[in-house]
Amino acid sequence: MIDIHPEQARTLAAIVAHGSFDAAASHLSVTASAVSQRVRALEVAVGRPVLRRTRPVELTPSGQAVVRFARQLDMLSADLAEELQPGVPQSGIRLTLVINSDSLHTWALAGLAAVAGAVQLEILREDQDYSLELLRSGAAAAAITTTAKAAPGCSSRRLGVMRYLPVCSPDFARLWFDADVTAETLAKAPVIHFDRKDDLQDRYLRRFSRKLLQPPRHYVPAAHEFGEAIRLGMGWGLLPEIEATEDLEHGRLTALAPSSYLDVPLHWQQWRYGSAALDEVASAIQDAARVLR
């Protein structure tokens with residue numbers, strides 16, 4: 001059995017959080033030598049390296065597991081303090097979550113607001129296809145992701161399906177798709193992407209045309225502004241159905257093709273050994289996700 005000393009695990013978490021041994025030493029009010037000794041002792045206990053001494057440091061898979069342990073331990077300690085001293089104000093549990101921009105913009109924030117009085121939240125915005133890496137590394141306690149299979153040390157719950165509709169402004173449709181929406185017109189019409197990780201539009205193009213199309217593209221990395229860019233006629237793009245429906249009904253947007261959509265399944269993954277606060281957040285997120293398909 002591997003015996004991990006909590007002080008050593010918390011030291012590794014501090015190194016990751018602050019970026020270096022020296023910064024971690026300052027945060028922990030110990031010397032840099034003490035930090036190095038703790039890491040060496042931890043690696044002896046684990047039997048393998050826990051980090052790569054780069055700038056900034058990088059965790060090995062073993063180090064990621066230790067950091068998750070350290071942060072889970074902090075959450076459990078906060079739960080214990082509240083149980084042993086009910087009614088005594090605590091410093092407040094802090095949770096870091098990874099949520100994709102579209103979910104945050106359309107439905108998830110309502111769920112988080114319901115628990116904001118009980119927990120301090122740090123929300124990291126990351127594409128749902130990339131969010132698991134932050135969970136694996138220990139940087140976050142939970143994430144909304146497209147991956148159903150639980151990451152190591154985590155549990156996974158299905159939230160629903162986020163349906164995206166390919167839309168543009170009526171003026172844009174008349175300019176670029178007056179004849180019809182075809183592979184040829186889509187290859188020429190400007191398209192809007194959230195950022196360079198966003199491949200939703202390219203996935204739609206591949207499904208629609210069965211070809212590799214390279215139309216002109218704009219990048220607008222903010223959820224509200226992304227939708228506004230489409231409404232202003234900068235290009236076409238995929239918007240969540242729950243965001244686009246009202247604009248479609250009032251003629252502010254038009255669909256590229258009838259009954260055309262792209263579905264993205266969403267799952268909630270969190271540390272398996274979390275805390276009562278993390279479970280409360282998960283429950284609130286699941287309640288809010290009822291608006292999904």
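**Entry 1: the second largest pocket**

I began with the second largest pocket of this predicted model, for which I noted a volume of about 210 Å³. For the record, a pocket here is an open set of points on a 1 Å grid over the protein atoms alone, where a 1.4 Å probe fits and protein lies on both sides within 12 Å along at least five of seven lines, and lining residues have an atom within 4 Å of a point. The volume is the space filled by probe spheres set on the points, with grid points joined across faces, edges and corners.

Which residues lie nearest the centre of the second largest pocket? I found Ser101, Asp102, Asp127, Gln128 and Phe194 there, out of 16 lining residues. Helix H5 (101–113) and helix H9 (200–209) each give at least two residues to this lining; helices (H or I, at least four residues) and strands (E, at least two) are DSSP runs, numbered from the N terminus. Sorted by class, the lining holds seven charged, five nonpolar and four polar residues, where Asp, Glu, Lys and Arg count as charged, Ala, Val, Leu, Ile, Met, Phe, Trp, Tyr, Cys and Pro as nonpolar, and the others, Gly among them, as polar.

I stayed with helix H5 to look up Leu104, which has its place there. Apart from neighbours within four places in sequence, Leu104 is in contact with Ile99, Leu109, Leu112 and Ile123, contact meaning heavy atoms within 4.5 Å. I also took the C-alpha separation of Leu104 and Trp236, which is 21 Å for residues 132 apart along the chain.

**Entry 2: basis of the values**

Residues are numbered from 1 along each chain as its sequence is written, and side-chain values use heavy atoms, with hydrogens and water left out. Since the model is predicted, local features need pLDDT of at least 70 and side-chain atom pairs count only at pLDDT 80 or more, while totals for chains, interfaces and linings use all residues.

**Entry 3: the whole chain**

I noted twelve helices and eleven strands in the protein, and a box of roughly 70 × 45 × 30 Å, taken along the principal axes, that the C-alpha atoms fill. Of the 293 residues, 46% are buried, which is to say under 20% relative accessible area, with exposed set at over 50% and partly exposed in between (1.4 Å probe, protein chains only). Among contacts with a separation of 6 or more, 74% join residues 24 or more positions apart.

**Entry 4: the nonpolar cores**

Which residues touch the most other members of the largest nonpolar core? I listed Leu95, Trp107, Leu159, Trp236, Trp268 and Val281, in a core of 53 residues. Helix H12 (residues 276–288) brings the largest share of this core, seven residues. A nonpolar core is a set of buried Ala, Val, Leu, Ile, Met, Phe, Trp, Tyr and Cys residues joined through side-chain atoms within 4.5 Å. There is also a second, separate core of 20 residues, with Ala9, Ile15, Ala25 and Val57 among them.

Looking at Leu159 beyond its neighbours within four places in sequence, I found contacts that include Trp107, Ile144, Leu266, Trp268, Ile285 and Leu292.

Phe172 sits in helix H7 (residues 170–176) and is buried at 3% relative accessibility. Outside the four places on either side in sequence, Phe172 is in contact with Phe177, Ala189, Pro190, Gly233, Met234, Gly235 and Trp236.

Is Asp79 buried or exposed? I recorded Asp79, in helix H4 (residues 61–84), as buried because its relative accessible area is 18%. From Asp79 to Thr60, 19 residues apart in sequence, I noted 29 Å from C-alpha to C-alpha.

**Entry 5: cysteines and positive phi**

I looked for disulfides, that is, pairs of cysteine sulfur atoms within 2.5 Å, and the structure holds zero. Cys154 is buried with a relative accessible area of 1%, and Cys168 also counts as buried at 1%.

Most residues other than glycine have a negative phi. Arg210, in the loop between H9 and strand E8 (217–219), has a positive phi near 60° and is exposed at 71% relative accessibility. Ser259, in the loop between strand E10 (254–255) and strand E11 (262–271), has a positive phi near 55° and is exposed at 74%.
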